[in-house]
Amino acid sequence: MPVFKTPFNGYSVKFSPFYESQLAVATSQNFGILGNGRVHVLQLNPTITEITSFDTADGVYDLCWSESHDSLLIAAVADGSLKIYDLSLPPTSNPIRSLHEHAREAHGVDFNTVRKDSFLSASWDDTVKLWTVDRPTSVRTFKEHGYCVYSAAWNPRHADIFASASGDFTARIWDVREPGSTMILPAHEFEILSCDWNKYDDCIIATASVDKSIKVWDVRNYRVPVAVLNGHGYAVRKVKFSPHRMSVIASCSYDMTVCLWDYMVEDALIGRYDHHTEFAVGVDMSVLVDGLLASTGWDELVYVWQHGMDPRAP
């Protein structure tokens with residue numbers, strides 16, 4: 001399956017929700033510690049070719065596609081800014097907007113799939129911010145976490161509900177119509193790096209932690225996790241529910257692997273891919289093509305492959 005070499009270290013990869021052969025990759029120089037960043041927009045055909053790229057003065061940690069405009073892309077940048085790019089315009093006209101309210105690194109972004117005009121940003125300044133594409137300032141700031149917020153994810157069914165994952169060992173559930181968080185999940189005894197909602201059951205959420213585990217929770221009864229998925233050797237960097245199969249989860253880890261899980265069966269680990277030679281920090285599953293995965297890591301490589309196949313096979 002195709003592979004693409006980036007000049008900087010990979011941080012995040014996202015398939016387009018509009019075009020099955022299009023994906024974007026966030027990268028950072030010097031492992032994201034210091035230096036520039038670059039956003040790559042790639043095309044599968046069947047090799048991976050670059051459509052365009054955008055350079056940033058600081059590393060890019062995450063990105064997301066707009067759910068309403070097929071050419072809009074939002075990047076979370078290490079200087080705390082969020083940059084909005086329009087692929088229909090030349091690189092010299094981009095970014096079309098730079099939103100800079102976070103006091104520290106912007107680490108995660110997620111677009112609302114229900115309302116389709118708003119998105120979230122998660123930051124190391126301990127906050128989550130709510131934005132709309134057409135406004136130059138944030139709509140609201142959510143500040144309850146006691147440490148870096150690494151990830152924020154909209155509920156796929158409810159336009160006003162989202163979850164956040166933090167280094168304060170908690171995940172929180174929020175309703176933007178309420179003054180504060182509606183639920184606090186003491187999900188792990190170590191930092192929580194990622195969270196995601198089940199795409200078929202709006203009460204199920206997964207959290208991924210430095211403790212090497214993924215836990216699946218039912219927010220209606222969250223005293224005990226529905227499942228605990230052990231198998232990674234180091235911190236689990238990102239977790240993602242399948243858009244096609246209700247009980248399938250993808251994860252990537254500092255152990256350099258990408259894993260697939262079925263949390264409803266006893267032997268939950270259904271796939272392990274060890275194609276990366278450095279930390280695997282970005283993973284995504286295509287909404288448009290069942291079983292199509294992409295991953296990126298600090299080895300400066302982007303892989304796209306079909307579940308069950310070797311990502312390194314030609």
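**Notebook: pockets, repeats and cores**

I began with the second largest pocket and listed its lining: Tyr11, Phe31, Gly32, Ile33, Tyr61, His107, Trp124, Tyr150, Leu193, Arg237, Tyr254 and Trp298. The model is a predicted one. I sorted that lining by class and got 9 nonpolar, 2 polar and 1 charged residues. The volume of the second largest pocket came out at about 160 Å³.

Next I took the largest pocket. I noted about 750 Å³ of space in it. Which elements give two or more residues to its lining? I found β2 (9-15), β6 (60-65), β10 (106-111), β14 (149-154), β18 (192-197), β22 (236-241) and β26 (280-285). The lining has 36 residues, and I wrote down Lys14, Asp110, Asp196, Lys199 and Lys240 as those nearest the pocket centre. By class, I recorded 21 nonpolar, 5 polar and 10 charged residues for the lining of the largest pocket.

I then looked up the UniProt record. In an unreviewed entry, UniProt places "domain: EIPR1-like beta-propeller" at residues 145-261. I checked that span in the model: it is 0% helix and 50% strand, and its end C-alpha atoms lie 29 Å apart. For residues 99-141 I have 0% helix, 47% strand and 14 Å between the end C-alpha atoms. For residues 142-184 I also wrote 0% helix and 47% strand, with the end C-alpha atoms 14 Å apart.

I turned to the nonpolar cores. How many residues does the largest one have? I counted 16, and those with the most contacts inside it are Ala163, Ile173, Leu185, Cys195, Trp197, Ile205 and Val219. At least two residues of this core come from each of β15 (161-166), β16 (171-175), β17 (183-185) and β18. I noted another core apart from it, with 15 residues, including Ala227, Leu229, Tyr263 and Ala268. In soluble globular proteins, nonpolar side chains tend to be buried together.

My last entry is on serine 213, which lies in strand β20 (residues 213-218). Is serine 213 buried or exposed? I class serine 213 as buried because its relative accessible area is 4%, and the cut-off for buried is under 20%. I also found a polar contact of 2.7 Å between the side chains of serine 213 and aspartate 211.

Key
Residues are numbered from 1 along each chain as its sequence is written. This is a predicted model: local features need pLDDT of at least 70, side-chain atom pairs count only at pLDDT 80 or more; totals for chains, interfaces and linings use all residues. Side-chain values use heavy atoms; hydrogens and water are left out. On a 1 Å grid over the protein atoms alone, a cavity is a set of points where a 1.4 Å probe fits but cannot get out, and a pocket is an open set with protein on both sides within 12 Å along at least five of seven lines; lining residues have an atom within 4 Å of a point. Grid points are joined across faces, edges and corners, and a volume is the space filled by probe spheres set on the points. Helices (H or I, at least four residues) and strands (E, at least two) are DSSP runs, numbered from the N terminus. Ala, Val, Leu, Ile, Met, Phe, Trp, Tyr, Cys and Pro count as nonpolar, Asp, Glu, Lys and Arg as charged, and the others, Gly among them, as polar. UniProt positions are given in the numbering used here, feature names are shortened, and annotations may be inferred rather than shown by experiment. A nonpolar core is a set of buried Ala, Val, Leu, Ile, Met, Phe, Trp, Tyr and Cys residues joined through side-chain atoms within 4.5 Å. Buried means under 20% relative accessible area, exposed over 50%, partly exposed in between (1.4 Å probe, protein chains only). A polar contact is a pair of N or O atoms within 3.5 Å; within protein, one must be able to donate a hydrogen and the other to accept it, and residues adjacent in sequence count only if both atoms are side-chain atoms.
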